[in-house]
Amino acid sequence: MPLDESEAIILRTENYGEQDKLVVFFSREKGLVRGLAKGARKFNNRFGSSLEPFSQVRLFYYEKEKHDFVTISNSDLLASSFELFSQIKTNWAFAYFAELTEKFSPYREKEELLYRLLQAVTSAAKASQAVEYITRYFEFWFLKINGILPDFNRCQHCQRPITSSSWLAPERQGVLCPNCTRDKKMEVTPIHRQVIEWMKKNSPICSPDFAVTSQDWKNLGKIFQAFIIFHLEETPRTLDYLDF
Ligand SMILES: [Zn+2]
């Protein structure tokens, strides 16, 4: 069995049997992978604190043919994210990012952009960026990377440019202008579009240079989440805990 190694971000772990842990990680070279860390539940084990969520690590593992799980033999901690999880909001936001990454990503397929997004939101949180902005930033780029971000600047029915407010189309293919919509439930306001344009061009460390209220952040989240839920065909479990 050849030993493989990869830089990776730990998404989550769960206990497996008496002494082991199942580790879900996103690797730079292979994308989403699940592995077994043998002995990781034992006191003083060789993995130390490297398998905590959003640790950035170098993982060494074996792949067995016809096995879904790789066997993790060692893990070097490159950067810990432990400091982030004393804040409950940040905790849930990152659990949500991990759930979306695990549910949407094909197994063992490299996705460099998503890897970089996970790194960027982690760095922004460590730099004390507001969790509302980081979460919307993740949702926006996550939709874009997965090819399911609608065009917010054009009515998907009449194709006219959107100049003021628009509303989500009931089938979630995009947005509708005031003339075409019949269902004024989920409004995309000019400020939402301004935030979207900002996120296209800036890093998550860099907050918008215009005022955005907490209600604006929340409503923009509902819009992104409507597309996420539509494509996932279920509500992410962790979404229940996000109240921003
Ligand atoms: Zn229209």
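Student: OK, so helices are DSSP runs of H or I with at least four residues, and strands are E runs with at least two, numbered from the N terminus. How many helices and strands are there in the protein?

Tutor: This is a predicted model, and the protein has five helices and eight strands. Reading from the N terminus, the elements go β-β-β-β-β-α-α-α-β-β-β-α-α. The radius of gyration is 20 Å, close to the 18 Å that the globule rule gives for 244 residues, so the protein is as compact as a globular protein of that length.

Student: What box do the C-alpha atoms fill?

Tutor: Roughly 65 × 40 × 30 Å, taken along the principal axes. Of the 244 residues, 32% are buried.

Student: Which domains does the assignment give?

Tutor: Domain 1 covers 3-83 and domain 2 covers 129-238. Their centres, taken over C-alpha atoms, are 34 Å apart.

Student: And where does the largest nonpolar core lie?

Tutor: That core has 55 residues, and I10, F25, F97, V121 and I134 have the most contacts inside it. Both domain 1 and domain 2 give residues to the core, so it lies between them.

Student: Let's pick I10. What is I10 in contact with, leaving aside neighbours within four places in sequence?

Tutor: I10 is in contact with V23, F25, L51, E52, P53, F54, S55 and V57. For the protein as a whole, take contacts between residues at least 6 apart in sequence: 57% of them join residues at least 24 apart.

Student: Switching to strands. Do β3 and β5 pair parallel or antiparallel?

Tutor: Parallel: β3 (residues 31-37) and β5 (residues 70-79) pair over three bridges.

Student: How many bridges join β4 to β5?

Tutor: Seven, and β4 (residues 56-62) and β5 run antiparallel. There, Y61 has I72 of β5 as its bridge partner.

Student: What's the order in the open sheet of three strands?

Tutor: The order is β7-β6-β8, with antiparallel pairing. β7 (175-176) and β8 are at the edges with a single partner strand each, so one side of each is left without a neighbour in the sheet. Two bridges join β6 to β8, and S166 is opposite V188 in β8.

Student: Now helix α5. What span should its 19 residues give at 1.5 Å a residue?

Tutor: α5 (residues 214-232) should span 27 Å; its end C-alpha atoms are 26 Å apart, which agrees. After α5 comes E233, with a positive phi near 65 degrees.

Student: Which residues of α5 are buried, and what do they pack against?

Tutor: L220, I223, F227 and I228 are the buried ones. The buried residues of α5 pack against α1 (88-104), α3 (131-145), β6 (166-168), β8 (187-188) and α4 (190-201).

Student: Last one: where is N146 found?

Tutor: N146 is in the loop between α3 and β6. Buried takes 20 or more other C-beta atoms within 10 Å and exposed takes 12 or fewer; N146 has 17, so it is partly exposed. N146 and S105 are 41 residues apart along the chain, and 8.6 Å separates their C-alpha atoms.

Notes. Residues are numbered from 1 along each chain as its sequence is written. This is a predicted model: local features need pLDDT of at least 70, side-chain atom pairs count only at pLDDT 80 or more; totals for chains, interfaces and linings use all residues. Domain bounds come from an automatic or database domain assignment. The expected span of a helix is 1.5 Å times one less than its number of residues. Two residues are in contact if their C-beta atoms, placed from the backbone, lie within 7 Å. Two strands pair if DSSP finds at least two bridges between them. The radius of gyration is taken over C-alpha atoms; the globule rule is 2.2 Å times the number of residues to the power 0.38. A nonpolar core is a set of buried Ala, Val, Leu, Ile, Met, Phe, Trp, Tyr and Cys residues joined through C-beta atoms within 7 Å.
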